[in-house]
Amino acid sequence: PIEHARMDARTVIQWDKDDAAWMGLVKFDLLGLGMLAALQYCFDMIRESTGEVWELSTLPKEEAAVYDMLCRADSIGVFQVESRAQMGLLPRLQPRQFYDLVIEIALIRPGPIQGGAVHPFVRRKLGMEEVTYPHEKLKPVLERTLGIPVFQEQLMQMGMAVGGLSGEDADLLRRAMGSKRGVERIESLKTKLYEGMAAHNLVGDAADEIYTKIQAFANFGFAESHSLSFGLLVYASSWIKLHYPAAFLAGLLRAQPMGFYSPASLVADARRHGVEVRRPDLHASRVTAVLEPVVDPPAVAVAMAPSAPAPPVAPTGRDSCTHRLQPPVEVFDPTAPVEDEAHRRDGNLAVRLGLAGVKGIGAAVAERIVAARDAEGPFRDLRDVVRRTGITAAQVEALATAGAFECLGVTRREAIWMAGSAAQDRAEYLPDSMVSVQPPLFADQSSYDILAADLWATGISTDDHPLAHYRSALDARGVLTSREMRTHETGRRVEGAGLVTHRQRPATASGVTFLNLEDEHGVVNVICSVGVWNRHRRVARDAPALIVRGMLERSPEGVTNLLADRFEDLRVGVVHASRDFR
């Protein structure tokens with residue numbers, strides 16, 4: 001194997017990385033980033049739809065509106081900064097230049113978090129704390145991060161500057177960061193580090209603090225070079241989200257599976273930004289999501305329309321969580337989505353969902369349908385679809401449930417009713433040899449029926465949200481929307497409700513569980529202590545949608561959280577799956 005490896009520098013071997021390192025071979029980590037594919041899809045669709053040509057290297061640099069959007073934590077779908085923790089940090093850190101993004105990315109990692117870097121850095125950046133250095137020799141190392149170690153390279157440089165480490169020792173430290181035996185490897189350097197620090201008059205608590213920060217990076221931290229590369233993708237994806245939200249959504253849908261949020265949440269966020277999303281269509285859809293011109297101005301769904309603040313609800317005596325106070329006077333909301341249409345450049349384009357996203361269809365069948373349509377023209381009816389593409393009865397039913405056959409003049413229920421007989425009229429039989437039966441008259445589907453069908457067939461609702469159908473009952477109970485929580489009086493026990501999009505329990509959170517609830521207006525971050533989780537474990541862990549009671553808190557920067565003390569199952573009756581403990 002060694003001889004073969006030396007024959008060609010392009011040879012890929014299947015050795016363990018540690019074995020390869022022991023043999024002295026150079027290793028390369030190749031990251032397959034879905035965002036790179038999504039950005040390329042965006043650039044391609046923008047060029048095809050508008051004639052504008054963009055590349056990573058040509059995007060306008062340091063655009064203030066991009067940073068405004070990020071400071072509002074309007075970052076759903078944006079590379080690396082769309083998680084709950086990053087969205088909580090963005091309004092606090094207030095990034096105003098590229099290097100702020102580089103630090104933002106690196107801060108939310110186990111090393112900086114366990115090393116106590118996050119809060120001190122934020123305070124120093126906002127001028128709330130004086131910038132100091134443990135030793136004068138560490139100023140060149142830590143000056144760019146305000147005296148707080150954030151990157152792997154800084155820990156290595158600190159060890160060499162005041163810890164007496166050699167270059168070989170520093171490389172051992174680098175290899176220890178994030179490895180399985182990281183703590184053990186760093187412990188092997190402990191004596192040498194303390195001796196080196198003592199030689200620089202760093203003893204006692206000062207030495208312990210430096211060693212603790214180094215040891216914390218055993219649980220992984222970012223290299224600065226890595227964070228710089230990721231920062232470019234953060235800025236690029238933010239820029240496209242701001243200026244081309246339709247293309248951004250279509251690019252993300254094409255690149256699935258990827259990212260923190262499900263396609264349903266990405267579509268809901270895009271709709272809140274004014275993007276029209278259209279269902280799969282037998283004649284208009286391609287294999288994956290595409291952009292198409294908006295002929296008529298899109299109608300704003302009732303579920304998405306802003307609602308006036310509800311009047312105060314009189315106390316019922318049931319619980320203080322049912323009391324709704326009059327929201328305060330409208331003020332600047334740093335967490336609200338950017339709604340300035342002046343920045344949008346693809347307002348004349350809508351997103352058409354692809355056929356491959358329909359349940360049971362997939363890319364291969366969708367390509368067959370599109371190829372038949374392109375080669376021989378539009379389909380005449382369901383039988384023609386089956387004869388030309390060979391799709392099964394189950395696939396016809398799935399497309400019918402998704403509303404893809406409405407372009408043929410048949411409703412969803414009619415198409416589902418005809419699916420069985422249509423699927424029998426295959427290419428191996430003589431044309432028109434099957435008997436056609438006129439479908440009965442079906443009642444129109446309710447909006448809830450259409451929503452349930454969309455979610456079953458594609459996992460996406462293009463113009464509705466399950467919580468919209470329960471809003472009147474939730475309002476009567478006093479449950480706040482995500483929008484109302486952003487302005488409601490803090491320190492009050494309130495109730496919120498929504499679909500559970502995520503459940504997380506980071507290793508750095510001491511057993512605290514974080515949940516995200518999504519309603520028709522946005523996302524709510526719920527914090528659940530160990531005790532509350534244990535009391536309500538079954539409901540909190542398994543229910544697709546929840547009503548959560550808790551104390552409302554909001555930071556000065558506008559980050560809103562609900563500190564849960566009770567969970568209740570909200571039975572919405574539609575298909576929904578959360579992304580749990582990833």
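The structure is a prediction, so to speak a computed one throughout: local features need pLDDT of at least 70, side-chain atom pairs count only at pLDDT 80 or more, and totals for chains, interfaces and linings use all residues. Residue numbers run from 1 along each chain as its sequence is written, and side-chain values use heavy atoms, with hydrogens and water left out.

Cavities come first. A cavity here is a set of points, on a 1 Å grid over the protein atoms alone, where a 1.4 Å probe fits but cannot get out. Grid points are joined across faces, edges and corners, and the volume is the space filled by probe spheres set on the points. On that basis there are four cavities of 30 Å³ or more. H16 supplies the largest share, four residues. By type, the lining of the second largest cavity splits into seven nonpolar, two polar and two charged residues, where Ala, Val, Leu, Ile, Met, Phe, Trp, Tyr, Cys and Pro count as nonpolar, Asp, Glu, Lys and Arg as charged, and the others, Gly among them, as polar.

Trp-15 sits in the loop between helix H1 (2-7) and helix H2 (17-22). Its relative accessibility is 31%, so Trp-15 counts as partly exposed; buried means under 20% relative accessible area, exposed over 50%, and partly exposed in between.

A few backbone details are worth a look. Gln-256 and Pro-257 are joined by a cis peptide bond, with omega about 0°, and Pro-257 belongs to the loop between H16 and H17. Gln-80 is not a glycine, yet has a positive phi of about 70°. This residue is found in the loop between helix H4 (64-71) and helix H5 (84-93), and Gln-80 is partly exposed because its relative accessible area is 24%. Asn-201, also a residue other than glycine, has a positive phi near 60°. Asn-201 is placed in the loop between helix H13 (190-199) and helix H14 (205-216), and counts as exposed because its relative accessibility is 71%.

Cys-42, in helix H3 (residues 34-50), has its C-alpha 8.5 Å from that of Tyr-244, 202 residues apart along the chain. Cys-42 has 1% relative accessibility and so counts as buried. Val-574, in the loop between strand S8 (560-569) and strand S9 (579-580), pairs up with Asp-449: the C-alpha atoms are separated by 9.5 Å, with the residues 125 apart along the chain. At a relative accessible area of 13%, Val-574 is buried.

That leaves the salt bridges. Side chains of opposite charge can pair when their charged atoms come close. With a salt bridge taken as a side-chain nitrogen of Lys or Arg within 4 Å of a carboxyl oxygen of Asp or Glu, the whole structure holds 38 of them. In the one between Arg-344 and Asp-346, the closest N and O atoms are 2.7 Å apart. Arg-344 counts as buried because its relative accessibility is 12%, and Asp-346 is buried at 0%. Asp-384 bridges to Arg-388, with the closest N and O atoms 2.9 Å apart. Both lie in helix H19 (residues 382-389), four residues apart, about one turn of the helix, and both are buried. Glu-406 and Arg-412 meet at 3.6 Å, N to O. Glu-406 is partly exposed, with a relative accessible area of 44%, whereas Arg-412 is buried at 4%. These two also belong to a network of salt bridges that links Arg-279, Glu-406, Arg-412, Asp-454 and Asp-463.

Notes
On a 1 Å grid over the protein atoms alone, a cavity is a set of points where a 1.4 Å probe fits but cannot get out, and a pocket is an open set with protein on both sides within 12 Å along at least five of seven lines; lining residues have an atom within 4 Å of a point. Helices (H or I, at least four residues) and strands (E, at least two) are DSSP runs, numbered from the N terminus. Buried means under 20% relative accessible area, exposed over 50%, partly exposed in between (1.4 Å probe, protein chains only).
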